[in-house]
Every structure is written in structure tokens, then in C-alpha cells.
Amino acid sequence: MKLYNTKSRTIEDFVPINDKVVTMYACGPTVYGYTHIGHMRKYIGDDVLRRTLSLLGYEVKHVMNVTDVGHLTGDRDETGEDKMEKGAKKESKTVWDIAQFYTDYFNNTMSKVNVLSPTIQAKATDHIAEMITLNEQLAAKGFAYETDQALYFDTSKDSRYGELSGQKLSDKEVAVRDDVIIDPQKKHPADFSLWFKRVGKFADHAMYWPSPWGDGFPGWHIECSAMAMHYLGETIDIHTGGIDHIPVHHENEIAQSECATGHDFVHYWVHYDFLLVNGEKMAKSKQNFYTVDDIVAHNIDPIATRLMFMQTNYRKPLNFTWESLDAADQQLKKLQKFAAHHEAIGTISDTYKNSFAEGLSDDLNTAKALAIVWELLGDNSVSEADKWATLLYFDQVLGLDLNGIEKFSISVEAQKLLEMRDTARAEKDFTQSDELRRQLEGLGYEVLDTATGTKLQ
Ligand code: AMP
Ligand code: ZN
């Protein structure tokens, strides 16, 4: 398989550390707000990647974190109020309630779009001890310094800092100079907190734990390093995230992890581009987002989002419109209809199987894979049973739950209406026959007039 690696900025051959097992860490949600379609692009992306690796014969160990500690407003810098506390105040609940509520909302959304549960879903608040241990290692090796407010990672000690995004430390100084230096003891604007002390603006912070640096809570970045290494080892195969994570979060994860262990943290960095609305990133803060409930309210099957995303390369921005989701829903309906009308499972077509896998192995060319699906369905040289077998094979990656579609059958009520309609037509009572057609359509059937009478689909 070939995969674009943000680290090398090239498409590389994917070679896992362990022949048949792939370790994959996916940055998970910050649970202080509703999961929206923008998030879905990232997690459906992870799901397609994971399913592709499985299809190609790998066993995938997929770990995803849930950021329930609470983080800072603004662009993940250290200037703002804690996101969870802000959410809690707004809704007059405890921060723990807020985290649970939005974690459930996230998981519920994922199941509605048929995203497989990660092998391990790890909550940050359950791994504070691992984060403290990692911070201690960094401090012991001289990569951290303490101020009155926090324990910081010292970026000046890491000669490779900035390699992922290609930014030099001196560029960062210019980029973040205006808004970040709020701790006068912090040495460099790019230095980031490994541990926040429960002092100053955080004196009333609701979530806190004891640590060698006093009561407080972990920085955001340390959570992913600690949990990824705890579950998957010090060097992992794949790490995923949205492109917004490249310059800060993932840069910082690399710095902490590699300075602590002395070797590579991640071999392949996979980043998904944004879902946009009118050219702007869909985001909680911009109030331009839609959730799975909005999709259902539009009478669209949430699973259609999978088709909408797969039509576009994951490394390209995608502008969201209801029209495009609706078009994906129409395509989904066609596939569901095919599934409803096919029971006998034949043999998987090798030709189509190979082209499908070839498309996906080419840096997840999902648009090509989808084109192959339509080509198969239109190919008269393949039997219906073989088409169905091949489509079920494809669905291991597409994840459209086609096997779960109820098989087509004509209900007793519909059969009665059908017979009444045939009688009406024989008697040339077209008003009555049109009315019966409407009733049958109301029951969800497609009504076809054939030489031998009414046919339902
Ligand atoms: P957050 O909960 O904000 O940390 O976001 C969780 C993940 O979703 C991150 O990997 C983000 O990069 C990703 N994400 C958030 N908004 C979008 C969007 N509009 N399009 C694509 N990915 C997004
Ligand atoms: Zn992360």
C-alpha cells in the first residue's frame, strides 16, 4: 500500500514495523461540544483507512483518545479559558457531566455513520499517571522547566523541533508572539505546557490531580503521547489527525515523545483536510456546523456522509452543501435497493476485487474505488449473484451496512392494493388506479406498469 506521509511530504510504500499488525493512533474528540460533520470527515477517514488495512490483510490496533480534561479556547493556545469549564458554565452542569454527555453524543454519531469502534477508546482522565511519568522523564532529561504557573517543554533543547510542519523555531516566534506570552517566566513562545498548576487563572479549575509540580492538570499534547505509547509502544506505525494539528499539536507530540524515548515516535503521519462551509472550516467556534441530528432532520441517511467523503480525496478540502449530501443519499439508496433485491451470494469477481484494492492502495483513492463499484453494477457480463458477492466484499471498506438492509418483500396490505389496482386498470378506472399507485408509493414501493400487470420494486 502507498500512503502520503506528512513527515516526508511524499507518497511512500507503507511498511509496518510488525509484518502483519498495524499500530494506529487517532487523535480523538475534545468533548465539550457537539460532534459535527467536519469531525465526521476525520473519523470516517480513520475508519476507511483502518478498514482498508484490514482488507489488505493487516490486523489493526486502533487507539483513539477522548480529550475530557478540558482545554483552552482560542486556537489551542494557552491564552483562553478552559473549554470544558466554559461549556459547564454555559449549561450549569459539572465538567464531568459535560464530558460524558458529549462523549456519548460522539459515540452515538459514530455508530450512526457506521464507524467501527476503536480497539481502545482511551479517556485522558483515566491516564493522568502515564502523563505524569512521561513529564518526569522529560524533566529528568533536561527537556522541561518549571515556572510558578506550569511545567513547560523547552523547545530550544530539541534540535528537530518543527520538522513535521517545516517551520523553524524563529518563524514560530513571529507567528505567535502577540497572543501567547502570558506567563512572564516562559522562555520561548513555542514552549508548551506539560502540566498546568492550579494557580492564578486556573486557581478554581474543577479538574485537577496531584503531581510533582503541585495540584493541576496535564497539557493537551502530553495526553496523546502518553496514551499512544502506553497502548501501542514507543514507536507506532500510523498517527492521524486533521491538518490543523500539524503545526502545533503533532509537532509537540513528536517533540515530547522523541525527547523522552530517544527514538522515532511515528513512522507515517496521515492528515485529513477540512470540511468547509462557504469556504470556511466547519467548526464549533464558527457556529457553521451541522450534526447527525440535522442530517436526520433533512431526511437523509447519515451513512450517506460516507459516500460524500469518499468521492473526494482526503487530502483535499471539501465544501459541504446539502445538495451534495443529498446526491450521495440518492446513490446510497441505489445501493440499498440493490441489496434489498439480492439474496443469492455468488463468487467475488477477481478483476473487480483487484481494481478496488488497487484504488485504495494508491494512497486511499476512494473516488476510484467508488467508480469501480458503479462499473461493477453496470457490467452485464457479471452475474447478479456475483455482483452481490463482490459488493459485499467492497462494503467491508465502504461501510454502508448493505448486508443489514432488509430484503425486499411485498406486504399483505401491498399485495391487496396491487390486485385492486390491476382490477381498476382492467376496468379502465384510471382515477382509482392512480389513487392506488399513490397509496403503494406511500408504503415505499416503486410502482411499474408492465404488460403482465403492476410490478412492485
Ligand atoms: P476537536 O474535537 O476540535 O479536537 O477535533 C477533532 C478532530 O476533528 C481533529 O482531528 C480535527 O482536525 C478534526 N476536525 C475538526 N473540524 C474539522 C473540519 N471542519 N473538517 C475536517 N476535520 C475537522
Ligand atoms: Zn492528539
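These are my notebook entries on one protein chain, taken from a predicted model.

**Entry 1. Overall build**

I began with the secondary structure and found 15 helices and 16 strands in the protein chain. I then looked up the extent of the C-alpha atoms, which fill a box of roughly 90 × 50 × 35 Å along the principal axes. Of the 457 residues, 53% count as buried. For contacts with a separation of 6 or more, I noted that 74% join residues 24 or more positions apart.

**Entry 2. Surface and charge**

Counting charged side chains gave 48 positive and 70 negative. The centres of these two sets lie 2 Å apart.

**Entry 3. Helix α10**

I next turned to α10, which runs over residues 322-340 and has 19 residues. From its first C-alpha to its last, α10 reaches 26 Å, close to the 27 Å expected at 1.5 Å a residue. I listed its buried residues: Trp322, Leu325, Ala328, Asp329, Leu332, Leu335, Gln336, Phe338, Ala339 and Ala340. In an α-helix, residues three or four places apart point the same way, because there are 3.6 residues a turn. I also asked what covers the buried residues of α10. The cover includes α8 (292-297), α9 (304-310), α12 (366-377) and α13 (384-398).

**Entry 4. Positive phi angles**

Most residues other than glycine have a negative phi. Arg9 has a phi of about 55° and is found in the loop between β1 (2-5) and β2 (10-13). With a relative accessible area of 43%, Arg9 is partly exposed. Lys428 has a phi of about 60°, and its place is in the loop between α14 (412-426) and α15 (430-442). Lys428 is exposed, at a relative accessible area of 61%.

**Entry 5. Cysteines**

How many disulfides does the structure hold? I found 0. A disulfide is a covalent bond between the sulfur atoms of two cysteines. I therefore checked the sulfur of Cys259, whose closest cysteine sulfur is that of Cys224, 17 Å away and too far for a bond; the cut-off for a disulfide is 2.5 Å. Are Cys224 and Cys259 buried or exposed? Cys224 counts as buried, at 1% relative accessibility. Cys259 also counts as buried, at 10%.

Terms used
Residues are numbered from 1 along each chain as its sequence is written. Chains are lettered from A and ligands numbered from 1 in the order in which they are written. This is a predicted model: local features need pLDDT of at least 70, side-chain atom pairs count only at pLDDT 80 or more; totals for chains, interfaces and linings use all residues. Side-chain values use heavy atoms; hydrogens and water are left out. Helices (H or I, at least four residues) and strands (E, at least two) are DSSP runs, numbered from the N terminus. Buried means under 20% relative accessible area, exposed over 50%, partly exposed in between (1.4 Å probe, protein chains only). Contact means heavy atoms within 4.5 Å. Lys and Arg count as positive and Asp and Glu as negative; His and the chain ends are not counted. The place of a charge is taken as NZ of Lys, CZ of Arg, CG of Asp or CD of Glu. The expected span of a helix is 1.5 Å times one less than its number of residues.
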